[in-house]
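Here is a short briefing on the model shown below.

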Amino acid sequence: MSFLKEQLWLRRLLALAALALAWELLSRQGVLDPFYAPPPSEVMRVLITLFTEGRIFSHLEATFAASLAGLIIGLVLGIVLGFAAALVPLISELLEPVMMLLNAIPRVILAPLFVIWLGIELPSKIALSVVLVAVLVFFAVYSGIKDVDHTLVDRVRTLGGGRMVLLREVYIPSVTAWVLGSLKVAVGFAFTGAVVGEFVAATRGLGYLLQFAQSTYNAALTMGLIFLIMAFVLILFVGAEAIEHRLLRWRYRGYNQKAS
Amino acid sequence: MLRVFDLVLGYDQEPVVEGVSLDVSAGKFVSLVGPSGSGKTSVLRAINGLLIPRSGRIELNGGQESLGFLFQDDALLPWRTARDNAALGLRIRKMSKSSALLEADAWLNRLGLEGFGGRYPHELSGGQRKRVAIAQILALKPKLLLMDEPFASLDAIVRTRLTQELLAWVEREHLSVLLVTHDLEEALSVSDTVYLLSQGPRARIRNSYPVAIPRPRDIFAARKHPSFTPLLEQLWQDMFDEVGAPKIEAMK
């Protein structure tokens, strides 16, 4: 019992298993209508069939390709524009209102426009992912530079450091912390862009499959795909967190070693 | 070592300080005291090149490279270890990485931080962080130390110990110091001259007070010197006159 008290992940797993069991029993007893809420065993069966028959792989490939490309391009674009806006006032004057507007609106409304401009294949999905990620990263970089600790800037300047030293020793590490802090959210955004883009118009991808499942009222497939997307985002989320911990190890290392 | 003539500083319309002149001779310890907001820190920032004066002149033997600035905050890079922070100034001055780190280790050891070089600032106590900041500055072998209430955030024991250690170092190495502080007793116990800045804005030097206590000094023994209490009372009285507080006699 004490082991259970100490292991948070085990308690969560047990709670999830209890919920799934209750759902399964209620569905089998007819309390829940299987048309709307099929039992977990049926959802699993549909998912396993998708994998064993190999039909899911081309969809997975499409969604992953769009998400990954969107994440990488969005990160690079957000970092470059964030640095440019923070360091060049003219660029900031032009860019900040546009980014503010893009940040304020639900950016997924751009999906139909990207389909018109770029077609229903991969590029329109990548474009939506890029916009979602780039705006997020832009503000992380922009704020990271604007809110940099000015005492550190003064410290480096009084030691004789110029612009390059400031960039290397203060601005880049400070911005890295901000960008990595938003990396987990960016991963979710990249996936959102790809799936929503596929949902609007596509020939393959998890979003396309979701749209198909919804149009055929296939609740088991819909739920299976939702769980699959959640599982993949969770894996990427854990990966992003590992990268954050590795690159920001100075932030996470021992708080219990202080001496007086 | 340092001469400041008719310095005028300001951030907006009205000057913060107006016509400040002071002198720090080689090997002398000088303090600048004054009411809060009188512009003491601004004077240090102007000497260090962080603030451009509206007018006036700053003459500094040896140029900016001869200066070492100890901030009120630790101002250590949180993403660098104590060793890397201590070596930062040397690296900026183009010393090779291995030599700079060796030199940094030597300074950390000298300041009682042996074995702490691999720790990040958040893994150190306030006093240890301050020692790293001192190592960073002393490693550059400055001729003039500018100190902006460097130990104000520390508890009384650590603060007293660090002040005494730094004073001993300054006397042994014949460094010149310009210390900004609001602690009048501390200023008198360590300084050869204390300048009192008037209430701002448009603050100016109200008076200077030579402190004739022999060196080397112990900050506790200095407070028992016959000239200490009369000087302290005079300084307090002048400070009270500036901020409009009651006379010392009335408070006794």
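How many helices and strands does chain A have? Chain A has 13 helices and zero strands. The model is predicted.

**Chain A: make-up and extent**

- The elements of chain A, read from the N terminus, run α-α-α-α-α-α-α-α-α-α-α-α-α.
- The radius of gyration of chain A is 23 Å, well over the 18 Å that the globule rule gives for 260 residues, so chain A is more spread out than a compact globule.
- The C-alpha trace of chain A spans about 75 × 60 × 30 Å along its principal axes.
- In chain A, 34% of the 260 residues count as buried.
- Take the contacts in chain A between residues at least 6 apart in sequence: 72% of them join residues at least 24 apart.

**Chain B: the sheet**

- In chain B, three strands make up an open sheet with the order 2-1-4. The pairing is antiparallel.
- Strand 2 (17–24) and strand 4 (55–60) of chain B are the edge strands, and each pairs on one side only.
- On average, neighbouring strands of this sheet are turned by 15° against each other, direction ignored.
- Six bridges join strand 1 (residues 2–9) of chain B to strand 2 of chain B in the antiparallel sense.
- Opposite B:Leu2 stands B:Val24, in strand 2 of chain B.
- Which helix packs on the sheet? Helix 1 (residues 40–47) of chain B does, and it touches strand 1, strand 2 and strand 4 of chain B. The direction of helix 1 makes about 120° with that of strand 1 of chain B.

**The largest nonpolar core**

- The largest nonpolar core has 127 residues. The members that touch the most other members are A:Val133, A:Val137, A:Val141, A:Ala186, B:Ala135 and B:Leu178.
- Helix 7 (residues 122–146) of chain A gives the most to this core, with 16 residues.
- Why does the core lie between domain 1 and domain 2 of chain B? Domain 1 (2–61 + 144–251) and domain 2 (76–142) of chain B both give residues to the core, so the core lies between them.

**Contacts of A:Val137**

- Which residues does A:Val137 contact, leaving aside its neighbours within four places in sequence? They are A:Gly74, A:Leu75, A:Gly78, A:Ile79, A:Gly82, A:Val179, A:Ser182 and A:Ala186.
- A:Ala186, one of these contacts, is also named among the core members that touch the most others.

How values were computed
Residues numbered from 1 in each chain as written. Chains lettered and ligands numbered in written order. Predicted model: local features only at pLDDT ≥ 70, side-chain atom pairs only at ≥ 80, totals over all residues. Pairing = 2+ DSSP bridges. Helix = DSSP H or I, 4+ residues; strand = E, 2+ residues; numbered from the N terminus. Axes fitted to C-alpha atoms, helices over the stretch in contact; angles between N-to-C directions. Contact = placed C-beta atoms within 7 Å. Core = buried A, V, L, I, M, F, W, Y, C linked by C-beta atoms within 7 Å. Buried ≥ 20, exposed ≤ 12 C-beta atoms within 10 Å, placed from the backbone. Domains from an automatic or database assignment. Rg over C-alpha atoms; globule rule 2.2 N^0.38 Å.
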